Every structure is written in structure tokens, then in C-alpha cells.
Amino acid sequence: MNTGAPWPTPSEAEARVLRMQTKLHRWATDDRERRFVDLFNLVADPAFLLVAWRRVRGNRGARSAGIDGQTASSIEAGRGEAAFLADLRVDLRARTFRPVAVRERMIPKPGGKRRRLGIPTVRDRVVQAALKLVLEPIFEADFAPCSYGFRPGRRAQDAIAEIHYLTSRSYEWLVDADISACFDEIDHRALLGRVRARIGDRRVLTLVAAFLRAGILGEDGIERDTATGTPQGGILSPLLANIALSVLDEHFVAAWAAMGPHSGARQQRRLHGAATYRLVRYADDFIVLVAGTREHAEALRSEVAAVLAPMGLRLSDAKTKIAHIDEGFDFLGFRVVRQRKRGSGRSCVYTYPAKRSLAEIKAKVRTMTRGATDQSLGILLHRLNPVLRGWTAYFRHGVSKATFSYLRAFVWRRVVSWLRHKSRRANWKQLRRRSLPRWWPTEGEVTLFNPGAVAVTRYRFRGTRIPSPWAGQAQPTAVDSTA
């Protein structure tokens, strides 16, 4: 691609980037041993920088500033998009670009703990986004189909569908694993070694290493080095984490291939007392499903720990556990458990919204409907509706109808209680006339979203047939979807 070309229009830039990504993906797929040695010019290409900027600008995080205090809006209002991107491109091509430390923000977690979120500057975010546009099509050719998190065209529901598929077919034991501080403890040398297996351009490798070692400016104002890990919050971090954790995917893909070329061979293996097992991973959350005994699952726990150790990662002893499908387990917000089907003598695997997930949405609704009676009902509904719509869209592929009906009643009570506090002197007749036509909260054309009206449908298990966005056919894989 001509790096001296004039700046394209947004539509031209999108087309050029997609065309180049498609080529990179095809080359990486056709030759699994190929190392790409001339990629830096793409990172600094006008089309890639423009697409990267527009993605950063369109992200909700564009409102957050890094340590320089600048947001995407302030850059547009000040220097302007064109001058900002032109200067950034000059620095990249002159090799004078240096990432700066990310701003630390501690996010509360359930149980009173907190996790670190790193907020890079907008300038660094754009370069990270450009790097991701170049690197992702290459590494996507290598990633195994058992990985679902932070990958194009894949989602959490795919992981839940595979778990449902396998646990319904003899995979009754599981290792519910938890990696201790995964994003904070990835070994840089081991990670860069995996990146070098595909990337031979030293300028790109230097840039990736610079982002890894940029440092963190803590909430206490002290800057700290980042000798390990990739801070959560960076655009490039999920891809780098997937590259690091693909060591786990590759191990289990190789183990699956060694168990036999077809389901009959694996069945014979189980009849002789050996186990078969599959990995389902979503970013740093993963489950190993075992068709065997508890002893087989216990052995796999140690095996997983040994595979992760070279990457500087370790399992949490407190959170990693062995469970049976009849006991049930929580994964990605769902409760997966095998129960007796009502009205029949057989057992089925069900996926419900987990109690913790329901508690979290209820807490959000309580927060939004607590006080703030100086705002109008319409404003409250505008805030509530996207939250309810997103939560029900995520869980609509589970056994969620009863939960949605419960949530409908809960939200109605909270909003009506808020209305009663807002209009203390109004009686029920006045309140119904003003805000509760047909007993449902409404103001003008804005109506409270009804969780109970959301249709519940079973998610289609796509197996290994999930297409790549850069190819017209399913992603090639050596792993079949049969048990």
C-alpha cells in the first residue's frame, strides 16, 4: 500500500483497510509458517490511521482522558482531526513516537475487591487501534475455535452453546478455572516470543513492546513500571491476551487430535477407562469439560497449571474448582446445570441467568430509581431502557422467561415507587392519568421497556462454522464439533 498517498475519505479508508486485512488473513491462512516482515508501513498508512481514529472516536471510552487530559472531542475542537492524524503519522514514520503511561482507574468488583483499568491517551489509543487492524487478521488465522472472547464474529453465547452441547453428551465433569490477575501477570518475554512467531517486522515488535512497558500512573500520582502484564483498557490488550492464552488453546487442540480422528475412536477411548476433554475459553475465563471421572478432572487441573506457567500465569487455588454438571456452575453470567425435565423422567441441561447477574441488574435499577425526583419520567426511562434492553438481549437465549417476568415486576415497582415519591400529593387516579396509561409507565412517546415481552429463543450452536470477517467461508480448523 502506498504510504505517500493522500488522505482518503472515510468510506475509501474502510474499503482499503478491509481489502488489505483480507489479503493478510488469506496469506496467514495459506502459509501457517509465514512471518510477516513489512507491516509497519500499514500501521502508519493514512487509511489505517483514519479508520483507527474513527473507531476510537466512536467508542464510549472516547470521553475518558489519559494522563495528558485530552479527549477525542477536545482534540477535534482544538487541533482538528486532520492535523492530529497528520502529526501522528509523521512521528510514526520518523520513529519518534513513544507511548506514555496509562492513567490508572480502580473499578469495584463483587466481593469488595477492585481491578485495575488503564486509560491510555487518545494518541496512544489510535496507534494501538491501527496495530490491531494490522495484527488481528494474521493471528485470527491461528486462533483455535474453542476461543470466543474478544474475537470478531464471536460472542459469549457461542461459548455457552458449546458448553450446553458438550454437557448434554457425556461431558459431566468440569474444571472451572480462574487465572490470578491474568492481565497483570502475563510475561512480556514469553508474549513477545509468540508474537515473533508470526511478525518479523522489528519496527512493529518494538512498538508492541513499548506499549507493554509504557507504565502506569496510579491514582496516588506515582508512576510505576509494567514489568509484566498488559493493562486492561487498552485497545490492543485483548488481542495480546488472546495471543498469550492461545498457548492453552493449542495444547487442548493437540490433545483432542490425539484422542482420535472421529467420535467412534473417542468413544472407544472412554470405554477403555480413559477420558476425553474439551476446552471452552472466553478471554481469561475458561472451562475444561471432561467425559470421564473426577480423578481425570483433578489431573487436568495440574495439567492446565503447567501449560500456563511459561506465560507467567497461575491458577487461583481459591477460585479454581472441580464440579459436576448436576451441581451446576456459573459461567459468563449464566447458571449451567442439569436437572430433571418437568413432566418427564429424563434430565436436561439448562442455562439460566445466574443469581449474581440478576442481582447486578437489580442493583443498577435501584440506583437509577433512587432519588433524583427532580428529573422527568421521560429522562428516567431513557436511562433505564438501554440497560434493560441490553441485559435481556444477552440472556434471551437462555431459560430466562421466568426471570424476565420477575424483572418486569421488579422494574415496575421501582418506577412506580419513584413516581409516588415524585408526586406525593397525587392520588392513584391522577398518577394513572398522567404517567401510567394501561398501568404501564409512559411519558409522551417514551415507554418503559418491558423485559417480560422479550421472546426467548435457543441459540444456534455454530460449532466450527463461525466465518471469519475476512473470508467468505468458515474458518478452517482441525477440530470437529462432535463429542
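**A few spots in the model**

Analyst: Happy to! Arg35, Arg189, Arg196 and Arg213 together form a positive surface patch. Keep in mind that this is a predicted model.

User: Nice. Where is Arg35 placed?

Analyst: Arg35 sits in a loop, the one between helix H1 (10-30) and helix H2 (40-43).

User: And why does Arg35 count as partly exposed?

Analyst: Because its relative accessibility is 42%, and partly exposed covers what falls between under 20% (buried) and over 50% (exposed).

User: Got it. Switching topic: where is Ala297?

Analyst: You'll find Ala297 in helix H13, which covers residues 294-308.

User: Is Ala297 buried or exposed?

Analyst: Ala297 is buried, because its relative accessibility is 0%.

User: So which residues is Ala297 in contact with, leaving aside neighbours within four places in sequence?

Analyst: Those would be Trp173, Val175, Val290 and Ile322.

User: What about Tyr277, how many Å separate its C-alpha atom from that of Ala297?

Analyst: The separation between those C-alpha atoms is 8.9 Å, and Tyr277 and Ala297 are 20 residues apart along the chain.

User: Great. One more: which helix does Phe48 lie in?

Analyst: Phe48 belongs to helix H3, residues 46-58.

User: Buried or exposed, that Phe48?

Analyst: Buried: Phe48 gets that label because its relative accessibility is 0%.

User: And how many Å lie between the C-alpha atoms of Phe48 and Val17?

Analyst: For that pair it's 6.1 Å, with Phe48 and Val17 being 31 residues apart along the chain.

Key:
Residues numbered from 1 in each chain as written. Predicted model: local features only at pLDDT ≥ 70, side-chain atom pairs only at ≥ 80, totals over all residues. Heavy atoms only, no water. Patch = residues over 30% accessible without salt bridge, like charges linked within 9 Å, V, L, I, M, F, W, Y side chains within 5 Å. Areas by Shrake-Rupley, 256 points an atom, 1.4 Å probe, with all protein chains shown as cover. Salt bridge = Lys/Arg side-chain N within 4 Å of Asp/Glu carboxyl O. Lys, Arg positive; Asp, Glu negative; His and termini not counted. Charge placed at Lys NZ, Arg CZ, Asp CG, Glu CD. Helix = DSSP H or I, 4+ residues; strand = E, 2+ residues; numbered from the N terminus. Buried < 20%, exposed > 50% of the residue type's maximum accessible area, 1.4 Å probe, protein only. Contact = heavy atoms within 4.5 Å.
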